[in-house]
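Work through the exercises below with the structure open. Try each task before you read its solution.

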Amino acid sequence: MNEITMKARAKINIALDIIGKRTDGYHEIRTIMQTVDLHDKITLKQTDNDKITLITNSNKIPSDSSNLAYKAAEYIKKNYSFKNGLEIKIEKNIPVAAGLAGGSTDCAAVLLGVRKLFNISLSDKKLLEIASSMGADVAYCLTGGTCLAEGIGEKISKIHPFSKMFVVIAKPDIDVSTEWVYKNFDLSVVEKSPDIEKMKIDIEKNNINGICGNLCNVLETVTIREYPIIDDIKRTMLEFGASGALMSGSGPSVFGLYTQKEDCVNTVSCINERFKNVECHITFISNF
Ligand code: ATP
């Protein structure tokens, strides 16, 4: 084997709560994350030289050593000295800087792919440790499926898999910095926090109404105040048959959960009519 192709899937946050701030400035969170099928295609190829190179169809992500996928390969090469060079090809489909963990999922895919391609003896536990050191969402992306993430997002526990639903993801053309969102978060203006324990039970019981009635992301208080289009998109999704709609991560992406694919198609048509430059994807919940 000298080439491997993998799906690096995006995530959405079904619930996101902030429970405190650490002395190092990072926020302690509790969030339920879920993988969706929307993915980047990552191809890893062994080359004859000794270099790592990266090519991508996207002009929105770096193609040098600052790319998280490159960093993953570089780390493994340095610490586990695989022979030969590596070409990383990223076909980007996940909207960038969107609250969908696009960079983290590419990073996790490269960690898994390089281990396989070069037959490196590295335990799952060690790989998870490496993932945690590369970014808060990388450990989750390595695990995938339905998970509760705690700490700064690095403490991952698998929970009962979420039921299969259709998902519309809509990303308005606005730049939202994750750092800015967390900096401007003010607990005193939060009127509703997610009931994570109830959400876990509803997921276990496959209680769609319970789940969709309880969708909650406290970071909406920051991002929607600045960018009301996020709320307008949520309303459009609900108007066109979504069982629930929420902003993902720090935004600006919004997702809607649906039981009928036809409602997804109608939602996307309406979003394209009502709003300018909103990138839409129809996908589904993926538990591999
Ligand atoms: P998260 O949900 O984990 O906060 P995000 O979806 O908000 O992540 P990303 O798509 O990961 O954001 O992009 C964040 C930044 O990371 C961007 O500025 C982007 O240029 C950079 N980046 C580096 N490598 C990648 C990559 N492989 N894919 C996407 N972004 C990358």
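The model is predicted: local features need pLDDT of at least 70, side-chain atom pairs count only at pLDDT 80 or more, and totals for chains, interfaces and linings use all residues. Residues are numbered from 1 along each chain as its sequence is written, and side-chain values use heavy atoms, with hydrogens and water left out.

**Exercise 1. Backbone**

Task: Find the peptide bond between Gly251 and Pro252, then look at phi of Asn84 and of Phe288, and describe each place.

Solution: 
1. Start from the general rule. Most residues other than glycine have a negative phi, and most peptide bonds are trans.
2. The bond from Gly251 to Pro252 is cis, with omega about 0°. Pro252 sits in the loop between strand E9 (244-247) and strand E10 (254-258). Helices (H or I, at least four residues) and strands (E, at least two) are DSSP runs, numbered from the N terminus.
3. Asn84 is not a glycine, yet its phi is positive, about 70°. Its loop runs between helix H1 (68-80) and strand E4 (85-91).
4. Asn84 is partly exposed, at 34% relative accessible area. Buried means under 20%, exposed over 50%, and partly exposed in between (1.4 Å probe, protein chains only).
5. Phe288 also has a positive phi, near 65°. Phe288 lies in the segment after strand E11 (278-284). With a relative accessible area of 61%, Phe288 is exposed.

**Exercise 2. Two helices**

Task: Describe how helix H2 (residues 102-117) packs on helix H3 (residues 124-134).

Solution: 
1. Take the angle and distance. The helices pack at about 145°, with axes 10 Å apart. Axes are lines fitted to C-alpha atoms over the stretch in contact, and angles run from 0 to 180 degrees between N-to-C directions.
2. List the contact (heavy atoms within 4.5 Å). H2 gives Cys107, Leu111, Leu112 and Arg115, while H3 gives Asp124, Leu127, Ile130, Ala131 and Met134.
3. Sort these residues: seven are nonpolar, none polar and two charged. Ala, Val, Leu, Ile, Met, Phe, Trp, Tyr, Cys and Pro count as nonpolar, Asp, Glu, Lys and Arg as charged, and the others, Gly among them, as polar.

**Exercise 3. The largest pocket**

Task: How many residues line the largest pocket, and which lie nearest its centre?

Solution: 
1. Count the lining: 42 residues.
2. Ser104, Ala136, Asp137, Thr178 and Ser250 lie nearest the centre.
3. Sort by class: 20 nonpolar, 15 polar and seven charged.
4. A pocket is an open set of points on a 1 Å grid over the protein atoms alone where a 1.4 Å probe fits, with protein on both sides within 12 Å along at least five of seven lines; lining residues have an atom within 4 Å of a point.
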